[in-house]
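Student: I would like to learn how to read a structure like this one. Could we go through it feature by feature?

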Amino acid sequence: MKYLIVGGVAGGATAAARIRRNTEKAEIIMFEKGQYISYANCGLPYYIGGVIDDRNKLFVQTPEAFGKRFNIDVRTNSEVVSVDVRKKTVAVRTKDGREYTEKYDKLLLSPGASPVVPPLQGIDS
Ligand SMILES: Cc1cc2nc3c(=O)[nH]c(=O)nc-3n(C[C@H](O)[C@H](O)[C@H](O)COP(=O)(O)OP(=O)(O)OC[C@H]3O[C@@H](n4cnc5c(N)ncnc54)[C@H](O)[C@@H]3O)c2cc1C
């Protein structure tokens, strides 16, 4: 079984680790469009406020350590730009502009969310 996971922070990385704990046989590829995975969003206010002084403490895992520990193919700087559910493929664009497709048996989307921004005067100021 080949799993593709889109998004490499709380949801994506948790799902990837969980799938691996359930089976050693699965092929798991995790795509993250940014440079980092599994970082502590919740710690950001503490870093900005100076309670956490070392930025590196926000990184729960590096792509290399996570990939090695759970036998997961972690692909950072890789954005999934489209999904073809009939062919069961995704298109991936890398930071250096390369594009390729990857097949899946199961696809898990964990790309986060954007807040609703109410149309209030001055909200952009
Ligand atoms: C400042 C702050 C404080 C918080 N404090 C708390 C707290 O105290 N307690 C708590 O429970 N929660 C807290 N949260 C919320 C918590 O961090 C989020 O609920 C959690 O990070 C959501 O995880 P996620 O994986 O769903 O999404 P995200 O963390 O948003 O991760 C999604 C990832 O997907 C990647 N991605 C998106 N689209 C694509 C694509 N097409 N291809 C490849 N990659 C893609 C993004 O680059 C991103 O890295 C806080 C959040 C913030 C910002």
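Student: How many residues does α1 have, and what distance does α1 reach from its first C-alpha to its last?

Tutor: Keep in mind that this is a predicted model. For a helix, compare the end-to-end reach with the expected value. Here α1 has 13 residues and reaches 18 Å, close to the 18 Å expected at 1.5 Å a residue.

Student: Which residues of α1 are buried?

Tutor: They are Gly-12, Ala-13, Ala-15, Ala-16, Ala-17, Ile-19 and Arg-20. These residues pack against β1, β2, α3 and β7.

Student: Which residues have the most contacts inside the largest nonpolar core?

Tutor: In soluble globular proteins, nonpolar side chains tend to be buried together. In this model the largest such core has 15 residues, and Ile-5, Ala-16, Ile-28, Met-30, Phe-66 and Ile-72 have the most contacts inside it. Two or more residues come from each of β1, α1, β2 and α3, with α1 giving the largest share, five residues. Another core, of nine residues, lies apart from it and includes Leu-4, Phe-31, Val-80 and Val-90.

Student: Which residues come nearest to the ligand?

Tutor: Of the 18 residues around the ligand, they are Gly-11, Glu-32, Asn-41, Cys-42 and Val-80. Ligand oxygen atoms are 2.7 Å from a side-chain N or O atom of Glu-32 and 2.9 Å from one of Asn-41. Lys-33 uses a backbone N or O atom, 3.0 Å from a ligand nitrogen. The protein covers 57% of the 1,000 Å² of accessible area that the ligand has on its own.

Student: Which element gives the most to the shell around the ligand?

Tutor: That is β4, with three residues; α1 also supplies at least two.

Technical notes
Residues numbered from 1 in each chain as written. Predicted model: local features only at pLDDT ≥ 70, side-chain atom pairs only at ≥ 80, totals over all residues. Heavy atoms only, no water. Core = buried A, V, L, I, M, F, W, Y, C linked by side-chain atoms within 4.5 Å. Buried < 20%, exposed > 50% of the residue type's maximum accessible area, 1.4 Å probe, protein only. Helix = DSSP H or I, 4+ residues; strand = E, 2+ residues; numbered from the N terminus. Expected span 1.5 Å × (residues − 1). Contact = heavy atoms within 4.5 Å. Near = heavy atom within 4 Å. Polar contact = N/O pair within 3.5 Å; in protein donor to acceptor, adjacent residues only side chain to side chain. Areas by Shrake-Rupley, 256 points an atom, 1.4 Å probe, with all protein chains shown as cover.
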